[in-house]
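Subject: Structure handover

Hello,

Please find the structure below. My notes on it follow.

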Amino acid sequence: MSRLTEKDALSLLQNADLRELGTLAYAQKKRLHPKNITTFVVDRNINYTNICVAGCKFCAFKRGVNDEDGYLLDFGTIGTKIEELLDIGGTQILFQGGVHPKLTIEYYEELVGYIHTKYPQITIHGFSAAEIAHIAKLSEITIKETLIRLKQKGLSSIPGAGAEILSDRVRNIISPSKQNTAGWLEIHESAHNEGIKSTATMMFGSVESDEEIIEHLEHIRMLQDKTGGFRAFIAWSFQPDNTPLKKEIPTVQKASPNRYLRILALSRLYLDNVKNIQSSWVTQGSHIGQTALFFGANDMGSTMMEENVVAAAGAANKMAEDEIIRLIKDAGEIPAKRNTAYEILKVYE
């Protein structure tokens, strides 16, 4: 199958029959994953702080420094959360917070070192590009030094959070205080160069055009060609409830399931060099999450013992491990528990 051009991708996104697009994406998935295995990870999102100065208009989770419900978790509370995860067989924490105005690299070194030393069996998948950029700026060190120091303390990989849409026009509207497109890409490239793998994400459904969705996918594909450092790609739809953007643009609506499946399928076809595509059942619900397996997704993501950011914007979908296993089996595939590196830990025949 020849590589899709940006023109091809735009035509598919705008004109292809949804069922045909799903069939193409499913065939591509089977070429990459012929063993009929769908994976998932048992993990927990730990948001160590909700204090954030980034001011993103799509976020309902952030709080100001002086807000009564702003918080910074102490190490003991974080440890308790990890122990609860270990009790159910978890292997990973997705560790993210806000862009805190006072926390320098020394705080993060102590925090990551505490977790890695006390819970060496837990993989730390943490810190968005925005957090890393802010840590570097506040600490007056380079992005490279920030990444190296966090890796030395136990950081394993970084999530794709903060990508939103990799178009500066969109970013200037919805997250003007965050780094631009080139800045996000630079941080992930730097991480890959230091042996830190990452994931890539896309939040669609705010103010972007179809062309900007393709632009986003092209940026991801180009960097993956260069470094091979992305383990997976996750597309998820903007959740407008309780967000400043919804107040500013009342006409913004939650993307339909059909729109999600169309973008998911296109992502599977366009990102021919990213092996794993994750279903976003957290924003779409369990049934569309399952349907995503027929539109190119080969991974159900996390059981997500705890999730706060998307929930703050009105999406409160939850699934236990046994339900994920059942949904995968009902789709005619073989469930398998994985770790952060997508290594299979257990297959459920």
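A residue is called buried under 20% relative accessible area, exposed over 50%, and partly exposed in between (1.4 Å probe, protein chains only). Ser 302, at 6% relative accessibility, therefore counts as buried.

On the source: this is a predicted model, in which local features need pLDDT of at least 70, side-chain atom pairs count only at pLDDT 80 or more, and totals for chains, interfaces and linings use all residues. Residues are numbered from 1 along each chain as its sequence is written, and side-chain values use heavy atoms, with hydrogens and water left out.

Ser 302 belongs to strand β9 (residues 299-302); strands are DSSP runs of E, at least two residues, and helices runs of H or I, at least four, numbered from the N terminus. Apart from neighbours within four places in sequence, Ser 302 is in contact (heavy atoms within 4.5 Å) with Val 41, Asp 43, Trp 281 and Ile 324.

Next, the pockets. A pocket is an open set of points on a 1 Å grid over the protein atoms alone, where a 1.4 Å probe fits, with protein on both sides within 12 Å along at least five of seven lines; lining residues have an atom within 4 Å of a point.

The largest pocket has 14 lining residues, with His 33, Thr 39, Lys 275, Tyr 342 and Ile 344 nearest its centre. Strands β1 (37-41) and β7 (230-237) are the elements that each give two or more residues to this lining.

The second largest pocket is lined by 11 residues, and those nearest its centre are Val 99, Ala 130, His 134, Lys 137 and Ser 177.

Regards
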